[in-house]
There are 2 protein chains.
Amino acid sequence: MLLVFAHNGLADTRPDTGLTPASIDHARQLRDLAMGGTMAWDIVESLTTEIGPRLAGSEAEARARAWAVRRLTAMGFDKVRIEPFEIQAWTRGAERAALLAPFPQPLEITALGGSVATPENGITAELALFEGIDALKAAAPGSLEGKIAYVSHAMQRSQDGSSYGFFGKLRREGASIAAQKGALAIMIRSIGTSSHRFAHTGQMRYAEDVAQIPAAALSNPDADQIERIARRGQPVQVYLNMSPESLGTVSSGNVIAEITGRERPEEVVIIGGHLDSWDQGTGAIDDGAGVAITTAAAKMILDAGKRPRRTIRLVLWGAEEVGLLGGKAYLEAHRKDLDKQIIGTESDFGAERVWQMTAQVSAEGQQVVDIMGELLAPIGVARGDMDKSGSGPDLTALVEAGLPSLRLVQNGMDYFDLHHTPDDTLDKIDPVALDQNVAAYVVFSWLAADSTVNFRSE
Amino acid sequence: MLLVFAHNGLADTRPDTGLTPASIDHARQLRDLAMGGTMAWDIVESLTTEIGPRLAGSEAEARARAWAVRRLTAMGFDKVRIEPFEIQAWTRGAERAALLAPFPQPLEITALGGSVATPENGITAELALFEGIDALKAAAPGSLEGKIAYVSHAMQRSQDGSSYGFFGKLRREGASIAAQKGALAIMIRSIGTSSHRFAHTGQMRYAEDVAQIPAAALSNPDADQIERIARRGQPVQVYLNMSPESLGTVSSGNVIAEITGRERPEEVVIIGGHLDSWDQGTGAIDDGAGVAITTAAAKMILDAGKRPRRTIRLVLWGAEEVGLLGGKAYLEAHRKDLDKQIIGTESDFGAERVWQMTAQVSAEGQQVVDIMGELLAPIGVARGDMDKSGSGPDLTALVEAGLPSLRLVQNGMDYFDLHHTPDDTLDKIDPVALDQNVAAYVVFSWLAADSTVNFRSE
Ligand SMILES: [Zn+2]
Ligand SMILES: [Zn+2]
Ligand SMILES: [Zn+2]
Ligand SMILES: [Zn+2]
């Protein structure tokens, strides 16, 4: 029986998946080549240096699209194009805050994305302190009249990033909850784990039928300071002045490039990262890294000269940060060929190594995922849940519409030290870890695209 | 012969030093008590929380003096007082910079202390890049006409902080060197080792007879970015706008508290740290820690109930950051009793452990330093050079005027990660390391003050 198996433990023939031993070997060779060094670093170096920050809807995001089209065309991809869509743009203005009493001193803050401005002369008010979102919700209606709500809700680290969903609720929903209680504004402890003096921004949303109040985040050291001062028992008075603006309707877009499949070109496997970033850092780990990893993986497959049966579609998403708008626009644009979207995944969780693979696919698809798992184990990727939905933020809408999902989970223990801060810059990326990510993406992309299975559970 | 020695290896009698076995035992007991926990953390917590940033000459520095007088009086010290002096005050205004070409994006900068402002509309000019201060010096006169000088001079770490003196020259002198070559302004890579997006400030000086041009520091990631861009070969154009102001003559002061000596009250041993800080952080490691360590050490000696032969004088120096002005004022105020200043040292190199003791004293004084060394070795302090002058920045003027010097050298490997940045906040301090510092200072203070030796080399 042992003779039936190749030296590497994989069956010689895989009639159920369409993956030949030569195809699996090709994936393995590409993996090893990637581990030896890729162009991913050069790509993220170029994007973060030549474009820098690229806020959704900004002129810089447009320059990033032009950069992507230029580079992807030069690399020799097929059908390089922009799929445009419109968004409501927002821009950060000046922002300043200070403690006025009992101990006057400046505070390090930043406006949350989408926040309205304060009045021109700012807001001066007493803080009402809450230890978390539940305490804020429990406040009596009207009890925050004339006050600024301060909410702590201190985010803790998690390798898989799951604590972000939990703690992030405060950033997304806090302003409207506070407004319901009568607050003039809300200042939250940053949803992030940086111990440095950076406030973490990120998108917030106003509920319908509630007053829109300004929403800011404080750096963790500043939040500590406010809490130390409040524990001394005197009322805490603060000044808050921010001038963000809504700019109305502007253009954004997804940049797309392909490796056309040799047998089933109409069937597409989607990989990618998002091109936009917040405005303060240069979007290196969020998400220049994802752009670089997936572009480098696609380019390696292209350069190896063998085309997979299906098309590999690289999507560099636009306007992710402000509401996953690129993903939603893609869904709208591709409603009529949704069944041709075979499977997809996105790299948008930093630049550390992939340590786990999770998936939710059909039994037939699971055979291909098992082969991926065998090829990924030697580069440190463990098998996680095989009934776990999710492929990255920009694919959320597509996954909800039925796209099979697989995720190459990066180690996110330190991701929220940099996430959405001015400190998200190129120097934080380890090129060796980046190459390991590329290796994982070539294995996924090649095997998914060269297989014939239906990953959808009907 | 062994019987002559106590169990701890110290001679039973020390007729040459005035230190009795009981006195040495007292120092040892205080040391051990300090290692078990001190009030140093509470002091630095109070100063950084209740005052926060305290720029030399500011109203906040005045509040820090009032805080110190209040606390030192409540602690029961003798002769708590302020020795006032006048300084020329400076204040930071708004500051903003951006790359305009070839790749437009914002830059993270800060004005160096003492810098003049740019014109109201800022300066737009091409950068002339230099890899270090020597290259800048070598530029031809007039060669920087119409340009902004950019100088890298990347500071490296050193445990004893000696690299700061070397690399710091650029911050102190760079503007005038660049002005001599015709530059409109100078932007330097921060004199500091932070890998985060913080520009390090610090005092600069204009030479006489040279145009005064604006001087700014860039964060290390921003300096990397500029250098990456410049290597691509196109001219680099930047915009710089800063509005710092000189405020004229204002008050500062040194806060002094004493433990009056029982035999020679007119002879004083000086310890202390500086009360002022830069304006962006809360001055935790620079130098709330030094204030806390030396105050806690003096308070332990006071509370133990035994008075040393000589007076221990705690000096919390004012206006250190802007030119060691407190130290210079003290020298002026005490010129007539300089010979009564027996020996001194200052804690102003962060909050990490003391790892080394250096000194430059008389042969007679060296006997006391040897006893200090024996008591400090068990808490990890090695003996360094015994012919090395220097006791901390505020004692520089006094040491030049003949004050014997001893330094309890803290581990400064990471000091310049935080030094003179907004990130110098309380959370960066390890309370256990702080207690070890207090232990070193009680040993020094008690033994120096209870001895009878003359530390001066005649
Ligand atoms: Zn992202
Ligand atoms: Zn993000
Ligand atoms: Zn200092
Ligand atoms: Zn300093």
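In the predicted model, A:Asp348 has a relative accessibility of 11% and therefore counts as buried, buried meaning under 20% relative accessible area, exposed over 50% and partly exposed in between, with a 1.4 Å probe and protein chains only. A:His274 is buried as well, its relative accessible area being 0%. The model is predicted, and local features need pLDDT of at least 70, side-chain atom pairs count only at pLDDT 80 or more, and totals for chains, interfaces and linings use all residues. Residues are numbered from 1 along each chain as its sequence is written, chains are lettered from A and ligands numbered from 1 in the order in which they are written, and side-chain values use heavy atoms, with hydrogens and water left out.

A:His274 (NE2), A:Asp286 (OD), A:Asp348 (OD) and A:Asp348 (OD) coordinate the zinc ion (ligand 1) at 2.0 to 2.5 Å. Donors are N, O and S atoms within 2.8 Å of the metal (3.2 Å for Na, K and Ca); water is not among the atoms, so sites may look incomplete. The angles among the four donor atoms of the zinc ion (ligand 1) run from 55 to 149 degrees, which makes the arrangement irregular. Four donors count as tetrahedral if all angles lie between 85 and 135 degrees; four count as square planar and six as octahedral if opposite donors are over 155 degrees apart and all others between 65 and 115; anything else is irregular. Along the chain, the donors of the zinc ion (ligand 1) show the spacing H-x11-D-x61-D. A:His274 belongs to strand E11 (residues 264-274) of chain A and A:Asp348 to the loop between strand E13 (341-344) and strand E14 (354-360) of chain A, so the pair ties together parts that are 74 residues apart in sequence. Helices (H or I, at least four residues) and strands (E, at least two) are DSSP runs, numbered from the N terminus. A:Asp286 coordinates both the zinc ion (ligand 1) and the zinc ion (ligand 2), which are 3.2 Å apart.

B:Glu321 and B:His420 are buried. B:Asp286 coordinates both the zinc ion (ligand 4) and the zinc ion (ligand 3), 3.3 Å apart.

Chain A contains an open sheet of eight strands with mixed pairing, in the order E3-E2-E9-E5-E6-E7-E8-E4; two strands pair if DSSP finds at least two bridges between them. Strand E3 (105-107) and strand E4 (109-111) of chain A form the edges, each with a single partner strand, so one side of each is left without a neighbour in the sheet. E4(A) pairs with strand E8 (residues 215-218) of chain A in the antiparallel sense over three bridges, and A:Ala111 has A:Ala216 as its bridge partner in E8(A).
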